[in-house]
Amino acid sequence: MGLDWAWLPQLAHGLKITMELTAACMAMGAALGIVLALLRVYARGPFLPLFWLASAYVQFFRGTPLLVQLMIIHFGLPSVGIRFTPFLSGLIAMGLNTAAYQAEYFRGAIQAVKAGQMLAARSLGMTRVAAIRHVVLPQALRLALPPWSNELIYMLKYSTIVYMIGVMDLMGVARTIAARNFRFLELFSLAAVIYLGIVLLLTFALRWVERRIRVPGLGSAGRG
Amino acid sequence: MGQLLVVEGVCKRYGAEEVLCGVSFSLEKGETKVIIGPSGTGKSTLLRCINRLTEPDRGRVWLEGMEVTAPHANINKIRSQIGFVFQDFNLFTHLTALDNVRLGLLKVKKMGRKEATERAQAELARVGLAGKADAYPAQLSGGQQQRVSIARALAMDPKLILFDEPTSALDPELIGEVLGVMVKLAHEGMTMLVVTHEMGFARSVADEIVFMERGVIVEQGPPEKLFRAPAHPRTAEFLRKISELYGEAA
């Protein structure tokens, strides 16, 4: 048993793909997740159909396995003429999936902001949209950061499934090298150590962000 | 119509319970009117019906002759002209005292940043909190938070301010500083409608007292008359109970 330095450049390239995929799917998930959460909390009256649509979306993507969603997008959709590169299929599946989970974190955070905050904003003459944007969301996003951090770390690790559709992420590279030289233990252990390193780095970075955005005088980020 | 605020026949029902039934009164410019009465008699609901934070079921409200309750009234514009001070302050927790006061100026009045900052600082000074501009709500005492919320209302140049039990959530030793600010405002000629259990304040500052019970106005009149010789036995009983409880007033 032994490590070969020649693997490192390839693994580094795989790591780059993993990080790009995770970052992109988290950004997509956050943007879509916030919209879904807002619809779930505020879409009523004439907008009720949007509430239903958002709820159905969340139920569907949380209720089916990510791997199945990935397979449908990459191997299923081509039969109706929709084709993506492996990376793009991975990004779409992961982004759509994490959006549903993030929507729930954001929804919980929005609902945790006290009703009096909205009342006070409206009493000043702010429109509902302005009140959401300037009063509710800034507080809710702080509350959502801890669960969002967990989701980021989870997605980083779960991104390994994209090797199954041929993406050369860290996992894909490790497996490809190992398939050539049969040094599975070394390569997968090395991959594990790299994933662990990245997760620890992210954990510290996010904790730093959490401290930075903490509201002075409140216990933890945003909590009253 | 010389009246600043006219409330006519306002009704509100929650399920089977009629919280307000046919409440009518008016407020002149510069007047301070205090609403008293037992808990749960719709006093807070009445205040919220005036700027439609709660939608009344029936009845009409006018502000300077403009109907607040009209179906196509620009309610956001109207609300920006009616200050509202909440029992539990409702300061924006993620913003400093200065930003709390400034937000409405920037986002509702669309004031420039420099002008809004100066105005907000002036309002904080007016409530005695010039030194707390950079403090967050959680770093302030309840009395200070309520004074910031009064400054937030004042900054909008309101035509009147509605106070919903502004001292009920405060420790006894902090009530005085908030009442002090309110007394000052009344003397400066601000039009105020105040729901409170502070009979000392009602007695010394109010131009008129309204006694409400079970969603209706039982009696209204100047404080000397209401406190000395209430016309209605229910008013007398309420005042007696309050004075037993607080050892003052009646």
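# A tour of chains A and B

Of the 224 residues of chain A, 46% count as buried (buried is under 20% relative accessible area, exposed over 50% and partly exposed in between, with a 1.4 Å probe and protein chains only). This is a predicted model in which local features need pLDDT of at least 70 and side-chain atom pairs count only at pLDDT 80 or more, while totals for chains, interfaces and linings use all residues. Residues are numbered from 1 along each chain as its sequence is written, chains are lettered from A and ligands numbered from 1 in the order in which they are written, and side-chain values use heavy atoms, leaving out hydrogens and water.

**Select chain A.** Chain A has eight helices and zero strands (DSSP runs numbered from the N terminus: helices are H or I, at least four residues; strands are E, at least two). Along the principal axes, its C-alpha atoms fill a box of roughly 70 × 50 × 20 Å. Of the contacts between residues at least 6 apart in sequence, 74% join residues at least 24 apart (a contact means heavy atoms within 4.5 Å).

**Select A:128-158 and A:184-212.** These are helices α6(A) and α8(A), whose axes come within 10 Å and cross at roughly 165° (axes are lines fitted to C-alpha atoms, for helices over the stretch in contact, and angles run from 0 to 180 degrees between N-to-C directions). That makes α6(A) roughly antiparallel to α8(A), a term for angles over 145 degrees. Residues of α6(A) that meet α8(A) include A:L145, A:W148, A:L152 and A:L156; on the α8(A) side, look among others for A:Y195, A:V199, A:L202 and A:L206.

**Select A:Y154.** This residue is also in α6(A) and, at 45% relative accessibility, counts as partly exposed.

**Select B:172-187.** This is helix α6(B), whose 16 residues should span 22 Å at 1.5 Å a residue; the end C-alpha atoms are 23 Å apart, which agrees (the expected span is 1.5 Å times one less than the number of residues). Its buried residues are B:L174, B:I175, B:V178, B:L179, B:V181, B:M182, B:L185 and B:A186.

**Show the surroundings of α6(B).** Its buried residues are covered by elements of chain B including β3 (32-36), α4 (113-126), α5 (142-155), β7 (160-164), β8 (192-195) and α7 (199-205). End at B:G189, which follows α6(B) and has a positive phi, near 95°.

Technical notes: Angles under 35 degrees count as roughly parallel, over 145 as roughly antiparallel, 65 to 115 as roughly perpendicular and the rest as oblique.
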